[in-house]
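Grab a pencil and work through these exercises with the model open next to you. Each one sets a task, then walks through a solution.

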Amino acid sequence: MAERMTVILRIWLAVSIACGILAPAGSAVAADAKPLNIVFVSPGKTGEVYWDMVAQTMQAAGRKLNAKVEVLTSERNYRTMQELGLGVVARADKPDFLILSNEESAAVPILEAADAAGIKTLLLSNSLIGEDAKRLGPPRRILKNWLGDITTDLTTAGARMANALIGAARNEKWQSPDGKIHLLAIGGDEITPASIARNAGLQLAVAAAPDVVLDRMLFANWTQSEAEQVAANYLGWAQRKGIRPAGIWAGNDPMALGALKAVAAAGITPGEQIQVVGLNWSEDALREIKAGRLLLTDGGHFLLGGWSIVLLRDFADSCDFAATSPHVEVKTSAITRDNLASVATLISTHAFDRIDFAQFRAKAGRCGQYDFSVEALISSISRPGGAGE
């Protein structure tokens with residue numbers, strides 16, 4: 001009798017799931033789940049690899065999770081970003097969710113307007129800082145419709161990048177005549193939260209290394225051309241001062257690529273006489289790692305795009321990520337020649353539809369608990385033929 005009841009229960013569960021009455025936690029979206037309309041106002045430029053990949057992972061996740069994701073691009077103009085965001089808020093047919101990135105603190109007026117209009121908003125990559133954070137407090141206190149933020153631990157990333165340079169220089173004994181290891185740091189800017197965090201990680205690593213001197217902390221506005229000029233000026237200065245440069249820390253991959261060009265132009269062989277690190281997991285950086293010219297690229301944070309859709313799908317289905325915290329922080333990882341093969345194809349082809357984003361949804365009774373690690377990512381990727389990778 002017990003065996004018969006077990007069989008009946010299993011049949012009932014299977015029929016319920018098939019009909020959308022029940023959905024297994026962490027599975028694909030139930031058949032009757034409400035389609036979501038989500039707008040993302042990107043601060044980046046069209047063709048800017050990082051922000052393009054953020055948007056692409058959002059849209060790939062949307063296709064898996066019954067969400068239409070509209071992307072509006074600000075072209076690195078923060079006035080344009082505010083106009084686009086306020087335009088979304090003013091629409092008669094408002095989206096279910098709005099995703100913003102608070103670069104240079106430019107998203108705050110949109111965030112406040114969205115709250116007044118009743119649009120639920122998520123901040124991605126850059127949250128509130130400084131006076132804005134003091135004035136508005138945490139998510140859902142003053143701004144009830146600001147659901148929270150999803151960011152990455154870029155302080156740890158910045159430190160990991162610096163420690164990789166320091167370790168390589170120590171192994172190769174690349175000290176200057178003063179017995180110190182000399183580094184150049186090229187940051188994106190001084191006011192964006194994501195930049196501040198990675199710069200802080202660099203400073204922590206250098207402060208913990210008495211044999212290291214950070215000669216310059218310069219800024220190149222995230223661009224390859226400005227970083228190339230900054231690095232060229234530094235290398236010329238170092239030569240005049242009799243300093244042997246051991247490494248260049250760059251806050252993103254385009255700036256690392258610019259530094260590589262300056263290094264080569266100075267007659268220095270990257271990977272053999274100096275090491276350079278970047279951050280973004282960009283295809284160009286992976287090529288340089290494979291060739292042995294770039295030591296590593298940290299990152300994976302473009303996947304915040306996909307992860308943000310996972311959070312919003314769960315929220316819409318009554319599994320609120322704020323059950324754990326309204327602040328979701330994702331760890332980044334370094335790609336080196338040792339683990340390059342595991343993610344290179346995914347990144348080089350931008351085949352983000354191969355990621356099973358439904359696999360990352362919170363399990364029943366564990367709302368707000370997510371595993372967005374690189375290991376979980378790798379295990380979720382399907383081969384083009386459908387088999388696991």
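**Exercise 1. Find the strands that helix H4 lies across, and give its direction against E3.**

Solution. Start with H4 itself, residues 108-117. Follow it over the sheet and you'll see that H4 lies across E3, E4 and strand E5 (146-152). Now compare directions: H4 runs at about 170 degrees to E3. Keep in mind that this is a predicted model.

**Exercise 2. Work out the strand order of the open sheet and pick out its edge strands.**

Solution. First, read off the order: the six strands go E2-E1-E3-E4-E5-E11, and the pairing is parallel. Next, look for strands that pair on one side only; those are E2 and E11, the edge strands. Going from one strand to the next, the twist averages 20 degrees.

Then zoom in on one pair. Strand E3 (residues 97-100) and strand E4 (residues 120-124) run parallel and are joined by four bridges. Take Ile-99 as an example: its bridge partner in E4 is Leu-122.

H11 lies across strand E1 (36-42), E2, E3, E4, E5 and E11, and runs at about 150 degrees to E5.

**Exercise 3. Decide how H3 and H4 are oriented to each other, and say what kind of residues make their contact.**

Solution. Step one is the geometry: the two helices pack at an angle of about 5 degrees, with their axes 9 Å apart. Step two is the cut-off: angles under 35 degrees count as roughly parallel, so H3 and H4 are roughly parallel to each other.

Step three is the contact. H3 brings Met-81, Gln-82, Gly-85, Leu-86 and Val-89, while H4 brings Pro-109, Ile-110, Ala-113, Ala-114 and Ala-117. Sort those residues and you get eight nonpolar, two polar and no charged.

**Exercise 4. Locate the disulfide, give its handedness, and say whether each cysteine is buried or partly exposed.**

Solution. A quick reminder: a disulfide is a covalent bond between the sulfur atoms of two cysteines. The cut-off here is sulfur atoms within 2.5 Å, and the count comes to one disulfide. The pair is Cys-319 and Cys-367, with their sulfur atoms 2.0 Å apart.

Where do Cys-319 and Cys-367 sit in the chain? Cys-319 is in the loop between helix H11 (304-316) and strand E11 (327-330), and Cys-367 is in the loop between helix H12 (340-349) and helix H13 (374-380). The pair is 48 residues apart and links distant parts of the chain.

For handedness, check the torsion about the S-S bond: at about -120 degrees, it makes the disulfide left-handed.

For burial, the line is drawn at under 20% relative accessible area. Cys-319 has 10%, so Cys-319 is buried. Cys-367 has 21%, so Cys-367 counts as partly exposed.

Definitions and conventions
Residues are numbered from 1 along each chain as its sequence is written. This is a predicted model: local features need pLDDT of at least 70, side-chain atom pairs count only at pLDDT 80 or more; totals for chains, interfaces and linings use all residues. Side-chain values use heavy atoms; hydrogens and water are left out. Buried means under 20% relative accessible area, exposed over 50%, partly exposed in between (1.4 Å probe, protein chains only). Two strands pair if DSSP finds at least two bridges between them. Axes are lines fitted to C-alpha atoms, for helices over the stretch in contact, and angles run from 0 to 180 degrees between N-to-C directions. Contact means heavy atoms within 4.5 Å. Angles under 35 degrees count as roughly parallel, over 145 as roughly antiparallel, 65 to 115 as roughly perpendicular and the rest as oblique. Ala, Val, Leu, Ile, Met, Phe, Trp, Tyr, Cys and Pro count as nonpolar, Asp, Glu, Lys and Arg as charged, and the others, Gly among them, as polar.
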